[in-house]
Amino acid sequence: MSTTNRTLSSTPSTALHSAFSCAWCGRTASAVADDGTQRHHCPSCLQSPHVPDPAVGGSGDCRGRMSPIAVAVPRTGDWMVIHRCARCDRLTSSPTRADDNQLVLMRLAVRPLAQPPFPLEAFGDL
C-alpha cells in the first residue's frame with residue numbers, strides 16, 4: 001500500500017490500494033475497508049473531513065472537521081456513525097466498518113445513558 005497525505009474524500013475510487021493519514025489522530029489507514037467499500041472516516045478516531053460527496057452531490061465545501069457525535073441503528077441493524085461538522089453544524093452519517101475502533105463506537109453508543117438529560121431517579125417513582 002502506498003501512503004498519501006490526501007483526505008479520504010479526495011482519494012479517487014480507482015485507487016483501491018491507497019492509504020490516507022488522518023489529520024486528527026495521525027494514523028495511517030486504508031482508504032478502502034476490508035469489505036471493499038470506500039471508507040468515509042478514520043477507523044481509529046472516527047473523525048472525517050467535511051468535503052462534498054461526489055456520489056450524493058451534497059454540499060460540504062467548508063472543509064471543517066466532522067466529529068462523531070452518536071451512533072444510529074436503522075431497521076437494517078447496521079450501525080451508522082453520525083457526524084457533526086465543527087464549522088457549519090451540518091449532520092452526516094456513514095456506515096461503520098468491521099475494523100472501526102470498537103471502544104470509540106461503544107463510548108458513543110452509551111453516552112446518552114452515561115449523561116442523561118434528566119435524573120434517572122425519576123424512573124424509580126414510576
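Q: How many strands form the open sheet, and in what order?
A: This is a predicted model. In the model, 4 strands form an open sheet, ordered β4-β5-β6-β7, with antiparallel pairing.

Q: Which strands stand at the edges?
A: Those are β4 (48–49) and β7 (91–95). Each has a single partner strand, so one side of each is left without a neighbour in the sheet.

Q: What about β4 and β5, how many bridges do they pair over?
A: β4 pairs with strand β5, residues 65–72, over 2 bridges in the antiparallel sense. Within that part of the sheet, proline 49 stands opposite arginine 65 in β5.

Q: Which strands does α1 touch when it packs on the sheet?
A: Helix α1 touches β5 and β6 (80–85). The direction of α1 makes about 65° with that of β5.

Q: Which residues make up the largest nonpolar core?
A: That core has 6 residues in all: Leu46, Val71, Val81, Val104, Leu105 and Leu108. Helix α1, which covers residues 102–114, gives the most to this core, with 3 residues.

Q: Where is leucine 46 found?
A: Leucine 46 is in the loop between β3 and β4.

Q: Buried or exposed? I mean leucine 46.
A: Buried, because the relative accessibility of leucine 46 is 0%, and the cut-off for buried is under 20%.

Q: What does leucine 46 touch, leaving out residues up to four places away in sequence?
A: The contacts of leucine 46 are His41, Met66, Pro68, His83, Asp100, Val104, Leu105 and Leu108. Leucine 46 also has a positive phi of about 70°, although it is not a glycine.

Q: What is phi near in aspartate 89?
A: Near 65°, again a positive value in a residue other than glycine. Aspartate 89 lies in the loop between β6 and β7. At 54% relative accessibility, aspartate 89 counts as exposed, because exposed means over 50%.

Q: Changing topic: how many bridges join β2 to β3?
A: There are 3 bridges between strand β2 (residues 18–21) and strand β3 (residues 28–30), and the two run antiparallel. Phenylalanine 20 stands opposite alanine 29 in β3.

Q: And how many residues are between the strands in that hairpin?
A: The hairpin of β2 and β3 has 6 residues between the strands, and glycine 26 takes a positive phi near 85° there.

Q: Last one, serine 18: buried or exposed?
A: Serine 18, in strand β2, counts as buried at 5% relative accessibility. Serine 18 and valine 32 are 14 residues apart in sequence and 7.7 Å apart in space, C-alpha to C-alpha.

How values were computed
Residues numbered from 1 in each chain as written. Predicted model: local features only at pLDDT ≥ 70, side-chain atom pairs only at ≥ 80, totals over all residues. Heavy atoms only, no water. Pairing = 2+ DSSP bridges. Core = buried A, V, L, I, M, F, W, Y, C linked by side-chain atoms within 4.5 Å. Buried < 20%, exposed > 50% of the residue type's maximum accessible area, 1.4 Å probe, protein only. Contact = heavy atoms within 4.5 Å. Axes fitted to C-alpha atoms, helices over the stretch in contact; angles between N-to-C directions.
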